[in-house]
Amino acid sequence: MDGDVVAAAAALPSPWSLLQGLLALLIAWGSYQAAETFWLRPRRLNRALRAQGLSGTEYLFPAGDLKENDRLNDEARSRSMPLSHDIVPRVMPHLFNTVKEHGNISITWFGPIPRVIITEAELIRDVLSNKSGHFEKFISNKRLIKMLALGIASHDGEKWAKHRRILNPAFHLEKLKRMLPAFSTCSTELIDRWENKLACSDGSYELDIWPEFQNLTGDVISRTAFGSSFMEGRRIFQLQGEQAERLIKAFQYMYIPGFMFFPTQNNRRMNEINREIEGTLRGMIKKRERAIENGETSGNDLLGLLLQSNMESGKGSLRMSTEDVIEECKLFYFAGMETTSVLLTWTLVILSMHPEWQDRAREEVLSVFGRDKQPNFDGLGRLKTVTMILYEVLRLYPPAVSLNRRTFKDMTIGGISYPAGVILELPTIVVHHSTDVWGKDAHEFKPERFAEGISKATKDRPAFFPFGWGPRICIGQNFALLEAKMALSMILQRFEFQLSPSYTHAPYTVLTLHPQHGAPIIFKRI
Ligand code: HEM
């Protein structure tokens, strides 16, 4: 009997050899995954796309075009450019070259993932309309985004549709009317600061308007989103300079597996910032929820509206979790601050380059509000020339130069079938500068093209997407335009401005399109 047991035990594999077997399996599985990600899948997708006549760059293991993209960006950024609006070659040199060489639909590589550039307006509209529901915003992976600390919120289609139902009414023009005092207060603070500086100078004053407008739009969004908790809101996010550069780099490389899991100093710092932001927001939200439960007012701001309608929707499927609300707050802050400050910055730069339009805009503002009247809702709605100017600035310098989607099911657009797992890059800036769409003068500043409205500017072939298109179009577009009109009107009422001799024209993108070396402008009191 004993002998049998010993024999059986001897026949069993030892724990050591079990471990070895497991390890071998793991290595085989890992190698297969790596081969699939970096070699087999790219080859498969490449074949499928090229079989349909598309051309583009060849896949380079493992980073695709990212390295070349970086190199061309660095090269472009090392030089300034003449005072011209023909900015695409500087802003997106790799994309510009690829389209020139391979055509309006061409393949590039985002790491091991094919990224097909589509520059035809009709096709871009089809993708963004997302009628089939087969495209997703690949920006929406919560886990990855969280690692990026300052996080842009995560939204898959379903969830976002639910949020929209809650948020849309808050962005209705009638509701925005109630936010106007906040726009007004923040703009008045900015003007007072500038006037004080002017008072201490001999007639003119030079100022870098880019950080000035970042502060302004940061204040506006904090006040309108967080109301009385405004100072807290303002303190939590500051996405600037080097930090922003790191964020975008992290974004670029996050698709290379492994990257984001290393506990590098950078990743640790990002997580730390994220925890701090989320903690502050959680505190603010809890405080508000308690106030609403106690029958106190929720405040007339976005957070209040969101929480109020959330609580009214009971326990049903429309309800957002605290985590959802936190993500919303982060998104609003980012989406509402950078974009609008960029719009204001380029508007002042361009009105300095085209003083005849500065004069026309001022004439209009003075005819509606006079020199001293605080701009009001109805008056802002009557500013036709100012609106045309803002549209033309958004056309030439769209704050979001390009949008992305990813196919998660096979999808056919414009006769080309895109397999699942392809990124579609939709560079709105290229469409906005297309001479085919806008005519020979596409690179010129001509606000009069919008005299009959947006659709007539391109003969009823919509090709103007500064706020996106379709179900995920910018929810804050009215908010942004109203805010920009308010600030611009107040500036035009009081100052004349021109470019400083130290201004260098150098548009580039870090998340949004902004001036690489700032935007020094000289102001004079009128
Ligand atoms: C000039 C200013 C602005 C520009 C150019 C702009 C541009 C855009 C664009 C292009 C998108 C669509 C992104 C995509 O489809 O992938 C977007 C989305 C969004 N924007 Fe804006 N935006 C501006 C101002 C604002 C403001 C002031 C707010 C909030 C107060 C805001 C909130 C949002 C939100 C929440 C989304 C996400 C919508 C979604 O995911 O469905 N934006 N914006």
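Author: A residue is called buried if 20 or more other C-beta atoms lie within 10 Å of its own, exposed if 12 or fewer do, and partly exposed in between, with the C-beta atoms placed from the backbone. Residues are numbered from 1 along each chain as its sequence is written. The model is a predicted one, in which local features need pLDDT of at least 70 and side-chain atom pairs count only at pLDDT 80 or more, while totals for chains, interfaces and linings use all residues.

Reader: Which residues of helix α6 are buried?

Author: Helices (H or I, at least four residues) and strands (E, at least two) are DSSP runs, numbered from the N terminus. Helix α6 covers residues 121-129, and the residue that follows α6 is N130, with a positive phi near 50°. Most residues other than glycine have a negative phi. Within α6 the buried residues are A121, I124, D126, V127 and L128.

Reader: How many helices and strands does the chain have, and what share of its residues counts as buried?

Author: The secondary structure of the chain comes to 22 helices and 13 strands. Of its 526 residues, the share that counts as buried is 39%.

Reader: Is P462 buried, exposed or partly exposed?

Author: P462 lies in the loop between α21 (454-457) and α22, and its C-alpha atom is 7.3 Å from that of A121, although the two are 341 residues apart in sequence. Two residues are in contact if their C-beta atoms, placed from the backbone, lie within 7 Å; beyond its neighbours up to four places away in sequence, P462 touches A121, R125 and S455. Because 15 other C-beta atoms lie within 10 Å of P462, this residue is partly exposed.

Reader: With which residues is V116 in contact, leaving aside its neighbours within four places in sequence?

Author: V116 is among the residues with the most contacts inside the largest core. Apart from neighbours within four places in sequence, its contacts are L49, I105, I107, Y418, V422, L424 and E425.

Reader: At what angle do α10 and α15 pack?

Author: Axes are lines fitted to C-alpha atoms, for helices over the stretch in contact, and angles run from 0 to 180 degrees between N-to-C directions. The axes of α10 (residues 209-226) and α15 (residues 322-353) are 8 Å apart, and the helices pack at an angle of about 145°.

Reader: How do the residues of the contact of α10 with α15 divide by class?

Author: The contact includes W210, F213 and I221 of α10 and F332, Y333 and L344 of α15. Ala, Val, Leu, Ile, Met, Phe, Trp, Tyr, Cys and Pro count as nonpolar, Asp, Glu, Lys and Arg as charged, and the others, Gly among them, as polar. The residues of this contact of α10 with α15 divide into 12 nonpolar, seven polar and no charged.

Reader: Is the crossing of α9 and α22 left-handed or right-handed?

Author: The axes of α9 (residues 173-199) and α22 come within 9 Å and cross at roughly 35°. A crossing is left-handed if the near helix is turned anticlockwise from the far one by less than a right angle, and right-handed if clockwise. The way α9 passes α22 is right-handed.

Reader: Why does I491 count as buried?

Author: I491 lies in helix α22, and its C-alpha atom is 9.6 Å from that of T188, 303 residues away along the chain. I491 counts as buried because its C-beta neighbours inside 10 Å number 24.

Reader: Which helix gives the most to the shell around the ligand?

Author: A residue is near a molecule or strand if its C-beta atom, placed from the backbone, lies within 6 Å of it. The ligand is surrounded by 23 residues, the closest being G336, T339, G468, C474 and G476, and the shell divides into 15 nonpolar, six polar and two charged residues. Both α15 and α22 (477-494) supply at least two residues of this shell. With seven residues, the helix that gives the most is α15.

Reader: Which residues are joined by a cis peptide bond?

Author: Most peptide bonds are trans. P62 is found in the loop between β1 (55-56) and α3 (66-77). With omega at about -10°, the cis peptide bond joins F61 and P62.

Methods: Core = buried A, V, L, I, M, F, W, Y, C linked by C-beta atoms within 7 Å.
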